[in-house]
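Dear colleague,

I am passing on the structure we spoke about, and I would be glad if you could look through it with the notes that come after it.

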Amino acid sequence: MEAFHLLLYGFSVLMTWKILALMMVGLTLGIFVGVLPGLGGPNGVAILLPLTFTMDPTSAIVMLSCIYWGALFGGAITSILFNIPGEAWSVATTFDGYPMAQQGRAAEALTAAFTSSFIGSLVAVLLITFLAPSIASFALKFGPPEFFAVYLLTFCSFVGLGREAKHKTIISMAFGLLLAGIGMDTVSGQLRMTFGSNELLRGVNFLVAVIGLFGISEILLTMEERLALRGHAAKISLRVVLKVWREMPRYWVTLLRSSFIGCWLGITPGGAIAASFMGYNLAKRLSKDPESFGTGRIEGVFAPETAAHASGTAALLPMLALGIPGSGTAAILLGGLMVWGLNPGPLLFVEHKEFVWGLIASMYLGNVVGLILVLTTVPLFASVLRVPFAAIAPMIVVSCAIGAFAIQNAMFDVWLMLAFGVVGYVFKKIGIPLAPLTLAMVLGSRAEDSFRLSMIGSAGDMRVFWSNGLVGTITTLALVLLFWPLISRAIGAVRRRFLA
Amino acid sequence: MSAQGVEVVVGDPGDPPDDSPAVASQRSVETSALAVILAFSLLMAWDNWRTGIAWESTGPAAGYFPFYVAAILAAACIFGLVQELRKSGAPARGFVSRNQFKRVLQVFVPTLLFVPVTQWLGLYVASFLLIAGFMIVVGRIKAWKSILTGYIFSAIMFGIFEVAFDVIMPKGPLERLFGY
């Protein structure tokens, strides 16, 4: 019941014209960013972050999270109409969404995608509303060893559960941790890895890196591909919307299943992309006629979109409650929190009630408004794709440069952003994932601090990470996840031997 | 197509053909990238070792944590390099074709030039030049359309950042002329 009162309080924080206007602006920008080729959730949020520097934290996070919801909605438009997934998690939407558009049922597919996205995130927001406060209050009892164990768990689950080659995930993560360590050491005040450079004294700014890694590199990658487009135009009428909504209850099992998959994988770090595929595959496997999937079944749109949005939203749960982002975009939002002078972690729920509950309330409101907005304005946004890329590419470059400069008013950062653009381009092409790098950069110094504080507390005894039941369980779980590929292989071998 | 299925077609004047030869093989790029990261990790490890990786009275020294991270990074790179070198028989996949690479440079070189021009003429003039120039040269879009787009975009950015949100950008002689 307390959560309900706090939520109402959150809504009261939102009910000012200024915040509602920012919400609309954020959603529109977000859909725009989601539709444009070469942009997407993390890029959009990273590029538009500087707009929020002069706002108060609550307005800033409401606008940024609305950009995020908008981008999630926008990704579905290009997947269905043009067969171009804006983001990795929209890939599964193209399987049945594009065939539907080819059959002239684009409006139906879009309505299905938007509505199921809405349902997915609603389930995840409900989870956040009722679970996040209890997790946060539980985490208030954490000391440095517990926090380090949780950070370790996050890092290890990226390595163990990620689909990329393990050594590449480790390279990405260790690279990020090193970059995070450059500059002044927070514990001793000593300088390290600066090589006498005054510019590096401040350290490598996380957001500068993100803008280069995601924004600039994506432009370079997009230029490589052929930019000619073929697709369908669509207009959604009220009749189609009502028809899809009437059909929807029949698929409640799929919707519910995908929501749960999404929530679960969204909370697990590194799981967000897998969610939509898993939602789609399970719906297909458990269906009475799996062959009809891929030919334009509406269920094939419901399943991945629900899961994708549930996971995208649920990724914010560990960010709010523990200060640990569940996805790349959540990591960038977390970077934003620090810029606005907030300290992410369980204390947020105590010290910045209006911020946390304003954000949670904005998730409800933002999704409702977003749903209405996309349903009514699809033709407008689809026509954005007609703008030639030669006009969009330099505009994105300029926006990236503005963003990188504005963070610390330093020209050096713009050069740094370019360097990260090249790094991101090469990393993506040789299969080194970028999400672990982002995560390591944003968590790096806090992970190191908690490690050193634990070591100081225990006088250098590593057994502090097994000193009580809680920290011992988390540390052990982290190690199990790290070696999970080896463990599962060993289990398989043992099982085969017994069966043979 | 049904009544709603109007086709949207967007052309691309510089579409890269498929048969363009590769500039470098995937393997050579991957190997050299790993080698560069390995060198970076060794440099970082050395610097942290110099800072101090031992235990002091106040706990681990400043270089302790990053030193071991650098060591892990180096180990992962060596693992990757060994794996790449052992894959001797595998067919070489192209990293990027010549045409693709040309297009990547078409964006990258102007972007690279954009930064010093920003320092010299200010961000808003530089972005006007970048957008209009890129649209005319690379996009082969009509000059008046390109110049108008560049002008409108720079003006909107100026309005948003300089006027509405008070985010200060590097400015040059032109802005000074108008008293900013």
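Predicted model: local features only at pLDDT ≥ 70, side-chain atom pairs only at ≥ 80, totals over all residues.

Chain B first. Its secondary structure comes to 6 helices and 5 strands, and from the N terminus on these elements run in the order β-β-α-β-β-α-β-α-α-α-α. Of the 180 residues in chain B, 27% are buried, and among the contacts between residues at least 6 apart in sequence, 64% join residues that are at least 24 apart.

The interface between the chains comes next, where 69 residues of chain B are in contact with 65 residues of chain A. On the side of chain B that touches chain A, at least two residues each are supplied by the strands β1 (7-10), β4 (59-60) and β5 (94-97), and likewise by the helices α1 (26-51), α2 (64-86), α3 (98-121), α4 (123-137) and α5 (143-164). The element that gives the most to this side is α3(B), with 12 residues.

In chain A, helix α8 (residues 166-181) may be worth a look. At 1.5 Å a residue its 16 residues should span 22 Å, and its end C-alpha atoms are 23 Å apart, which agrees with that expectation. Because 15 of the 16 residues of α8(A) are buried, this helix is largely enclosed by the rest of the structure. It is followed by A:G183, whose phi is positive, near 110°.

Finally, there are two backbone angles to check, and the background is that most residues other than glycine have a negative phi. A:M193, although not a glycine, has a positive phi of about 55°, and this residue lies in the loop of chain A between β2 (191-192) and α9 (206-224). The second case is B:R140, also not a glycine, with a positive phi near 50°, which lies in the loop between α4 and α5 of chain B.

Are these two residues, A:M193 and B:R140, buried or exposed? A:M193 is buried, because 23 other C-beta atoms lie within 10 Å and the cut-off for a buried residue is 20 or more. B:R140 is exposed, because 12 other C-beta atoms lie within 10 Å and a residue with 12 or fewer counts as exposed.

With best regards

Notes. Residues numbered from 1 in each chain as written. Chains lettered and ligands numbered in written order. Helix = DSSP H or I, 4+ residues; strand = E, 2+ residues; numbered from the N terminus. Expected span 1.5 Å × (residues − 1). Contact = placed C-beta atoms within 7 Å.
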